[in-house]
Amino acid sequence: MNKTRILKEYFGHSAFRGGQEELVDGILSGHDVLGVMPTGAGKSVCYQVPALMLDGMTIVVSPLISLMKDQVSALRQSGINAGYINSSLDAGQSRAVYRAAYSGEIKILYAAPERLLTDGFLNLCTQVKIPLVTVDEAHCISQWGQDFRPSYLRIAEFIKTLPERPVTAAFTATATEQVRNDIKELLGLKKTIEITKGFDRKNLYFSVQKPKSKYDSLVELLDKTPDRCTIIYCLTRKTVEDVCRKLNINGFKATRYHAGLSDAERRKNQDDFIFDRKNIMVATNAFGMGIDKSNVGLVVHYNMPKNMESYYQEAGRAGRDGSDAECVLFYSGQDVRTNRFLIDNTDDNPELTREQRREIRRLDIERLDKMTGYCLYTRCFRRYILGYFGDMAPENCGNCSNCLADFETVDMTVEAQKILSCVYRLKQRGIGFGKNSLIDVLRGSQNAKLAKYDLSDLSTYGIMSDDSAENIGDIIDSLIGRGYLKQTGEYMILDTTETSPALVRGKIKFMFKKRKPKAEVRARSNVYDVDYTLFSQLKALRSEIAKRERTAAYIIFSDAALRDMCRKMPTTIEEFLEVAGVGKLKAKKYGTEFTECIRDYIKLYIIILRSF
Ligand code: ADP
Ligand code: ZN
């Protein structure tokens with residue numbers, strides 16, 4: 001069978017997306033490949049299609065157990081024989097997988113990296129033909145990435161012990177050059193075909209809010225669409241507990257996930273979310289790696305995360321099936337301090353030298369600064385994100401809160417000059433202040449802290465006494481966001497940068513986007529762009545089937561597939577096969593039930609029409 005037929009018959013997709021075909025072809029022609037693609041772009045197809053075409057068993061190295069189980073059940077649903085080996089299996093289950101693998105039944109075998117060099121696994125791999133080894137989340141091999149896993153360093157050794165060198169395919173969503181080079185070098189990739197796919201996720205709407213009360217804003221957001229599948233990320237376990245408890249008191253169906261819960265409870269809560277028993281998951285960043293629930297419609301960051309990589313990965317869990325989805329970040333200055341604290345107090349990796357640790361910490365702080373810059377940015381958020389990952393983007397995306405907000409642009413060059421001069425003057429006296437104290441100086445406040453410094457003769461003291469503290473704060477934020485000021489050290493002392501002098505000397509203008517009050521900003525949404533009654537009926541049918549088969553609803557069909565059914569209204573199996581996301585096996589298994597449901601709906605609809 002050729003690759004396009006496999007894509008349709010097993011996965012139900014009628015065409016490859018950008019980048020996928022090149023990677024499939026690369027693998028089939030015997031090249032090693034490196035695919036750099038954002039979450040949700042469709043990495044799995046790139047190695048699953050060749051795995052079905054190559055003779056032998058493909059091995060997929062993956063860091064997370066939850067990912068394997070999910071992917072293997074999804075593959076089995078599509079009629080592909082897959083299995084996994086990791087520490088979650090008991091001895092009996094593990095034996096059964098080995099037996100199936102030895103007998104040549106398994107086409108795709110997922111394995112945790114720690115398993116590769118065990119005797120049992122090595123023995124299997126010398127007996128069975130291995131044409132392809134895929135390394136998922138390949139950035140885990142790099143010490144400079146944000147998820148370093150020492151066990152990844154041994155993958156190359158594993159590949160070397162195989163009787164015949166397989167094609168090696170690596171995939172990641174992290175694109176920095178250093179990480180990419182590490183992957184190629186440490187995995188020993190050869191004749192590599194490298195494809196970096198655009199990082200843009202057009203269906204995601206990005207927004208940053210600085211709410212007075214984060215919780216109130218959260219409730220307001222959830223109230224708009226209370227049934228929507230939502231993930232709320234918090235920085236600490238305590239915040240997770242607080243937010244989840246309050247949401248439940250307020251009548252939302254929320255569950256929680258963090259490293260402080262027992263394994264059993266984590267698993268239960270995760271299942272409640274995956275199986276749609278609870279539609280809101282409140283979690284730390286421990287949640288989500290490997291969860292590819294495709295119908296998440298909203299991701300809220302209740303706190304600013306530690307870097308753009310984490311942010312984009314977590315936010316990217318929204319809208320994986322291509323439907324429009326929202327990503328909202330709640331920012332406060334406290335988040336920056338909490339992140340600093342976490343950077344300074346994370347357990348050091350004992351395998352690293354002190355020099356390496358210091359370097360990693362420096363990089364962490366640099367990444368945090370970029371993340372803060374994002375929150376304070378006043379122009380297109382998508383452009384900032386894509387720029388960070390090295391992608392080009394237009395000035396305005398039209399689908400982020402800054403592009404859609406009602407701003408008026410005002411010239412604030414004089415105000416900016418006053419603020420920067422004040423920082424310079426203070427610096428001349430050897431004084432460094434954080435944002436709030438600086439605002440106090442500019443407004444000429446007479447609080448006890450300032451009294452100690454005797455600033456009454458400072459030329460910039462009280463120079464902005466007519467402006468509100470809030471207004472000055474916004475301008476300072478914008479100066480930071482655009483690189484004219486930076487925050488340094490534990491107390492986030494404000495300091496000038498190499499670009500400040502040009503602004504102070506009036507060589508450039510400082511245009512400031514002021515939010516017009518009460519601008520009603522809305523994300524576009526296609527949630528209701530199809531017949532809602534039919535969509536609900538198909539959803540109910542899907543839940544019924546999921547219950548019967550003891551699997552998650554989205555493993556049967558994604559929301560996007562249901563939506564396509566509403567558009568195409570197929571009434572025969574042939575027509576059903578035209579639906580995006582419907583492959584041959586699924587059409588055979590579920591086609592009758594779904595087309596029947598649609599036929600009933602059409603009948604009813606005609607009766608209603610006639611009665612008018
Ligand atoms: P990643 O691993 O890159 O995060 P996945 O492999 O899980 O992404 O794919 C994300 C989603 O995109 C899945 O719902 C998948 O069915 C869908 N998808 C993948 N390839 C295609 C394609 N060629 N056409 C349509 N949908 C696709
Ligand atoms: Zn934009």
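In which sense do strand 8 and strand 13 pair, and over how many bridges? They pair in the parallel sense, over 6 bridges. Strand 8 covers residues 204-209. Two strands count as paired if DSSP finds at least two bridges between them. Strands (E, at least two residues) and helices (H or I, at least four) are DSSP runs, numbered from the N terminus.

This is a predicted model, in which local features need pLDDT of at least 70, side-chain atom pairs count only at pLDDT 80 or more, and totals for chains, interfaces and linings use all residues. Residues are numbered from 1 along each chain as its sequence is written, chains are lettered from A and ligands numbered from 1 in the order in which they are written, and side-chain values use heavy atoms, without hydrogens and water.

**Domains**

The protein chain is divided into domain 1 (3-196), domain 2 (204-356 + 378-404), domain 3 (407-515) and domain 4 (532-610). These bounds come from an automatic or database domain assignment. The C-alpha centres of domain 3 and domain 4 lie 59 Å apart.

Strand 13 spans residues 325-330. Because 6 of its 6 residues are buried, strand 13 is largely enclosed by the rest of the structure. Buried means under 20% relative accessible area, exposed over 50%, and partly exposed in between (1.4 Å probe, protein chains only). A325, C327 and L329 point one way from the strand. E326, V328 and F330 point the other way.

V328 is the bridge partner of S207. V328 is also the bridge partner of V300. Strand 12 (residues 298-301) pairs with strand 13 in the parallel sense over 4 bridges. From strand 12 the chain crosses through helix 12 (residues 308-315) to strand 13, in a right-handed β-α-β crossover. Right-handed means that, with the strands pointing away from the viewer, the path from the first strand over the helix to the second runs clockwise.

**Strand 3**

Strand 3 (residues 82-85) has A82 and Y84 pointing one way and G83 and I85 the other, all of them buried. Strand 3 pairs with strand 4 (residues 108-111) in the parallel sense, over 4 bridges. I85 stands opposite A111 in strand 4. Strand 3, helix 5 (residues 91-102) and strand 4 make a right-handed β-α-β unit.

**The zinc site**

Four cysteines hold the donor atoms of the zinc ion (ligand 2): C380 (SG), C397 (SG), C400 (SG) and C403 (SG). They lie 2.3 to 2.4 Å from the ion. Donors are N, O and S atoms within 2.8 Å of the metal (3.2 Å for Na, K and Ca); water is not among the atoms, so sites may look incomplete. The angles among the 4 donor atoms are 101 to 119°, and the site is tetrahedral. For four donors, that term requires all angles to lie between 85 and 135 degrees. The sequence spacing of the donor residues is C-x16-C-x2-C-x2-C. C397 counts as partly exposed, at 25% relative accessibility.

**Helix 8**

Helix 8 (residues 177-186) has V179, R180, D182 and I183 buried. They cover an arc of only 160° around the axis, so they sit on the same side of helix 8. The arc is that of the directions from the helix axis to the C-beta atoms. E177 and E185 are exposed, on the face turned away from the buried side.

Two residues other than glycine have a positive phi.

Key: Tetrahedral: all angles 85-135°; square planar, octahedral: opposite > 155°, others 65-115°.
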